[in-house]
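Please open the model in your viewer and keep the sequence panel beside it. The tour goes from one selection to the next, with a short account of what is there at each stop.

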Amino acid sequence: MPAWQIGIIGGGPGGLMTAYALEKWANDPVHVTVFEASQRVGGKILTPAFDRVPATYEAGAAEFYDYSAHDDDPLKELVTELGLPVCRMDGSSAVVRGRAIANVDDLRDQFGRPAADALLAFDRRAKDAITPHEFYEADPEGVGDPLVRKGFDRLLAGIPHPAARRYVEQFIHSDLAAEPHQTSVAYGLHNYLMNDPAYMGLYGIAGGNEALPRELARRLAAEIKLNHRVTAVGRTGDNRLSVTTVCDGREEVSCFDAVVIALPHDAVGKVRFHGERLASAVAAHHAEYDHPAHYLRVTVAFRENFWRGKLAGSYCMLDAFGGCCLYDESARTPGNPHAVLGWLIGGDAAKAMCDQADDDLVHAVLAALPPDLAAGRTLAVESRVHRWIGAVNALPGGLHARTLDRRHRPDPAGHPHLFVVGDYLFDSTLNGVLDSAEYVARWLASLMADRAGVPA
């Protein structure tokens, strides 16, 4: 029996995770081809190095979510399986009006008792709505969840004190990468509660998160075709699926038994789909999840670590740019002698700033340093800017409740072997893209087993 031919469009984490799981679980011979438009694998997991400073930094996905304290954690298990060392990340403070606020007592000192009481009431409401167990078990796109239909701005409007309301908005702004009215109560609360260690932890891969896709690619038997941009997908005369690619100006068409589209949502709309039925189905799929969110990463290397003893943990929140996250990139690698800070700016601020020159963006983030860190504005050595406009989803799971099958197959009746994989189908996290990839890999493995007549 000939090997199954599987085409995977996208060499980011979703495509690589799908290929890895499929090669591990398939009982039937399988040949996987991964098409990647760029010259590297990894997609939104990107760990570049500076030119003048021998230091790396995270330019894309900043951290992984750790659910292992609650139950099985597939992403943590995958990282462990690949033998990658991890470093725990923590940070509980926010800098508001130049002062660090790490707890409700700090908020009370800064804004007064009414603000502190309002924040405590919101915190109780959030934890009553979603317990740690429900947080772990939740289907983040909100199937059957009444909270998914309401805008998060409505819930925030119920916080009676403006300082407390502004604090909550700024504290989670960069995680949402969107504004409160652009997402749901469920997603907003999840991003608020993730800061509580009772709900989850954070970690990164020591030496750089890009080690994950690199190690996945290294272990794959799949053929990975870099610099192959997919321009079209269609059906062949024998009911297989065709993938048209362009590389170095040359077009080629490949045929597959099944195709997995593992692209960021904003890239799905750039592929042509032949046939009225398929084009309509994918257009409807794209429209369902068309809720773009945005972020900018601005990273600066300094001559010295001027924040030592003043900023605790791996990161803190700043009240600049509507609320942004300031990462101590140096803390990602134990014993790192270099001094690197990274700003994660999200939502409307990121979109509004994206057309500014790199030098202007660097000047803006340095100017936003708290007063007790102002000396660092003259210590910058090298800087980098990475723009991720529309690259994530403000309302993962879309507007309507859909089953896992329906989310992953745009046209199950007409094109049952065309699948999609993406974090936007779950919770806009790397954990979510692994859930999506493993679901599709299991489905494909089952199809192969059915054809071979053996148990999946």
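Helices (H or I, at least four residues) and strands (E, at least two) are DSSP runs, numbered from the N terminus. This is a predicted model, in which local features need pLDDT of at least 70 and side-chain atom pairs count only at pLDDT 80 or more, while totals for chains, interfaces and linings use all residues. Residues are numbered from 1 along each chain as its sequence is written, and side-chain values use heavy atoms, with hydrogens and water left out.

**Two loop residues with positive phi**

Select Ala177 to begin, in the loop between H7 and H8. Most residues other than glycine have a negative phi. Ala177, although not a glycine, has a positive phi of about 60 degrees. Is Ala177 buried or exposed? With a relative accessibility of 3%, Ala177 counts as buried, where buried means under 20% relative accessible area, exposed over 50%, and partly exposed in between (1.4 Å probe, protein chains only).

Now select residues 13–25, which form helix H1. The expected span of a helix is 1.5 Å times one less than its number of residues. For the 13 residues of H1 this gives 18 Å, and the end C-alpha atoms are 18 Å apart, in agreement. H1 is mostly covered, since ten of its 13 residues are buried; among them are Pro13, Leu16, Met17, Tyr20 and Leu22.

Then select residues 276–288, helix H11, where the 13 residues should likewise span 18 Å and the end C-alpha atoms are 18 Å apart. Which residues of H11 are buried? They are Leu278, Ala281, Val282, His285 and Glu288. Turn the view to look down the axis of H11: its buried residues fall within an arc of 120 degrees, so they line one face of the helix, the arc being that of the directions from the helix axis to the C-beta atoms. An α-helix has 3.6 residues a turn, so residues three or four places apart point the same way.

**Salt bridges**

A salt bridge here is a side-chain nitrogen of Lys or Arg within 4 Å of a carboxyl oxygen of Asp or Glu, and by this rule the count comes to 21. Display the side chains of Asp196 and Lys127, which form one with the closest N and O atoms 2.9 Å apart. This pair links distant parts of the chain, 69 residues apart, with Asp196 in the loop between helix H8 (185–193) and strand S7 (201–205) and Lys127 in helix H4 (residues 113–129). Lys127 is partly exposed, with a relative accessible area of 27%.

Move on to Arg240 and Asp257, whose side chains meet in a salt bridge at 3.4 Å, N to O. Here too the pair links distant parts of the chain: Arg240 lies in the loop between strand S9 (229–235) and strand S10 (241–247), and Asp257 in the loop between strand S11 (250–256) and strand S12 (258–261), 17 residues apart. Arg240 is partly exposed at 22% relative accessible area, whereas Asp257 counts as buried at 18%.

The next pair to select is Glu329 and Arg332, joined by a salt bridge of 2.8 Å, N to O. Glu329 counts as buried at 2% relative accessibility, and Arg332 is buried too, at 9%. Arg40, Glu210 and Arg214 can then be shown together, as salt bridges that share partners join them into one network.

**The largest cavity**

On a 1 Å grid over the protein atoms alone, a cavity is a set of points where a 1.4 Å probe fits but cannot get out, and lining residues have an atom within 4 Å of a point. Grid points are joined across faces, edges and corners, and a volume is the space filled by probe spheres set on the points. The structure holds six cavities of 30 Å³ or more, and the largest cavity has a volume of about 70 Å³. To find the largest cavity, select its lining: Glu63, Ser174, Asp175, Met194, Asn195, Leu202, Tyr315, Met317, Cys325 and Tyr327. Helix H7 (162–176), strand S15 (315–318) and strand S16 (324–328) are the elements that give two or more residues to this lining. Its residues divide into six nonpolar, two polar and two charged, where Ala, Val, Leu, Ile, Met, Phe, Trp, Tyr, Cys and Pro count as nonpolar, Asp, Glu, Lys and Arg as charged, and the others, Gly among them, as polar.

Note on methods
On a 1 Å grid over the protein atoms alone, a cavity is a set of points where a 1.4 Å probe fits but cannot get out, and a pocket is an open set with protein on both sides within 12 Å along at least five of seven lines; lining residues have an atom within 4 Å of a point.
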